[in-house]
Amino acid sequence: MGHKVVVFDISVVRALWETRVKKHKAWQKKEAERLEKSALEKIKEEWNFVAECRRKGIPQAVYCKNGFIDTSVRLLDKIERNALTRQSSLPKDRGKRSSAFVFELSGEHWTELPDSLKEQTHLKEWHISNTLIQIIPTYIELFQAMKILDLPKNQISHLPAEIGCLKNLKELNVSFNHLKSIPPELGDCENLDRLDCSGNLELMELPFELSNLKQVTFVDISANKFSSVPICVLRMSNLQWLDISNNNLIDLPQDIDRLEELQSFLLYKNKLTYLPYSMLNLKKLTLLVVSGDHLVELPTALCDSSTPLKFVSLMDNPIDNARCEDGDEIMESERDRQHFDKEVMKAYIEDLKERESVPSYTTKVSFSLQL
């Protein structure tokens with residue numbers, strides 16, 4: 001029996017594949033149109049734009065038009081030029097408004113505070129940022145009128161115990177420095193209202209003596225190495241804002257409900273697997289931001305319509321690998337990445353707050369979001 005030879009008409013085969021190619025191209029076109037009209041693409045575009053504006057220091061209200069975000073590149077360039085113009089004019093205006101009670105210092109050419117500063121004990125505010133200063137001198141105890149110590153983005157490795165002599169101090173910002181500990185004497189600053197120790201990366205605990213700070217309403221200890229909520233923080237009875245995100249938290253204390261005045265609680269980028277039911281006793285809590293990819297248990301009543309809480313579950317994906325490009329420049333240090341992380345989250349929270357005026361049925365948020 002001979003071999004069977006199958007003969008194909010090449011024109012039929014070609015017609016078959018041409019039909020398939022046409023169908024595939026039609027599907028691709030339809031899919032492209034679907035993505036173009038998709039709200040997810042618009043949301044992604046808006047968030048990228050928001051993050052870029054935040055990085056450049058442009059207020060969110062400026063780039064919103066009639067309640068909507070205008071993502072026009074021309075608009076962004078225009079806003080940035082206007083912002084730079086305003087910034088260039090700030091020193092003149094500041095000189096007119098500035099009082100003799102405010103001290104400002106900035107720039108990497110500063111490695112230590114000027115000697116003449118110790119004679120200006122009448123000062124009420126220090127604003128020192130982006131310098132290479134490593135030490136705050138002990139003569140700071142002479143500044144009895146001090147109310148604001150704003151010291152972000154320096155190289156400060158420790159705070160002197162004499163800081164506890166500043167009885168009128170209301171705000172202390174030592175974020176994004178190189179602190180590994182906080183002096184227990186800070187607990188003597190009984191009028192302190194705001195404490196920001198974020199972005200020091202190596203900070204692992206706060207001294208128990210800070211329990212004496214009963215007037216504190218704002219504490220930010222994010223981007224450090226806390227394995228639990230400090231005991232002293234649980235005893236700050238007037239605390240309204242607590243940011244302990246980006247640490248090593250595995251669980252929350254069962255007595256977290258001691259913070260009866262707490263309104264905003266940021267916990268994202270930790271390793272929490274559950275939220276304690278005692279959180280239901282935080283009757284004033286309106287904002288909770290927590291990483292969702294490790295959670296296996298949470299009180300469902302947290303999202304109940306009877307509570308004022310906006311529950312936001314975030315997936316731990318985004319900002320670990322975030323790149324913030326300015327030309328071909330990529331953020332290199334861990335502190336830069338953590339700072340960008342906080343800027344994006346700050347923009348997100350401000351956007352949530354701006355929705356307060358819309359009908360109540362649209363303010364309840366419960367979802368997973370991948371930035």
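Start by selecting K225, which is partly exposed at 36% relative accessibility. Remember as you look around that this is a predicted model.

Next, select E261 and K284. Their side chains meet in a salt bridge of 2.7 Å, N to O. This pair also links distant parts of the chain: E261 is in the loop between β9 (241-243) and β10 (264-266), while K284 is in the loop between β10 and β11 (287-291). E261 is partly exposed at 24%, and K284 is partly exposed at 40%.

Then move to helix α1 (residues 10-37), where R34 and E31 are 3 residues apart and so about one helical turn from each other. Here the N to O distance of the salt bridge is 2.6 Å. The whole structure holds 3 salt bridges.

For the last stop, select N177, in the loop between β6 (171-173) and β7 (194-196). Is N177 buried or exposed? It is buried, with a relative accessible area of 0%. Show its side chain: a polar atom there lies 2.9 Å from the backbone oxygen of L151, and the side chain also reaches the backbone nitrogen of I156 at 3.2 Å. Beyond its neighbours within four places in sequence, N177 has contacts that include P152, G199, N200 and R335.

Note on methods: Residues numbered from 1 in each chain as written. Predicted model: local features only at pLDDT ≥ 70, side-chain atom pairs only at ≥ 80, totals over all residues. Heavy atoms only, no water. Helix = DSSP H or I, 4+ residues; strand = E, 2+ residues; numbered from the N terminus. Buried < 20%, exposed > 50% of the residue type's maximum accessible area, 1.4 Å probe, protein only. Polar contact = N/O pair within 3.5 Å; in protein donor to acceptor, adjacent residues only side chain to side chain. Contact = heavy atoms within 4.5 Å. Salt bridge = Lys/Arg side-chain N within 4 Å of Asp/Glu carboxyl O.
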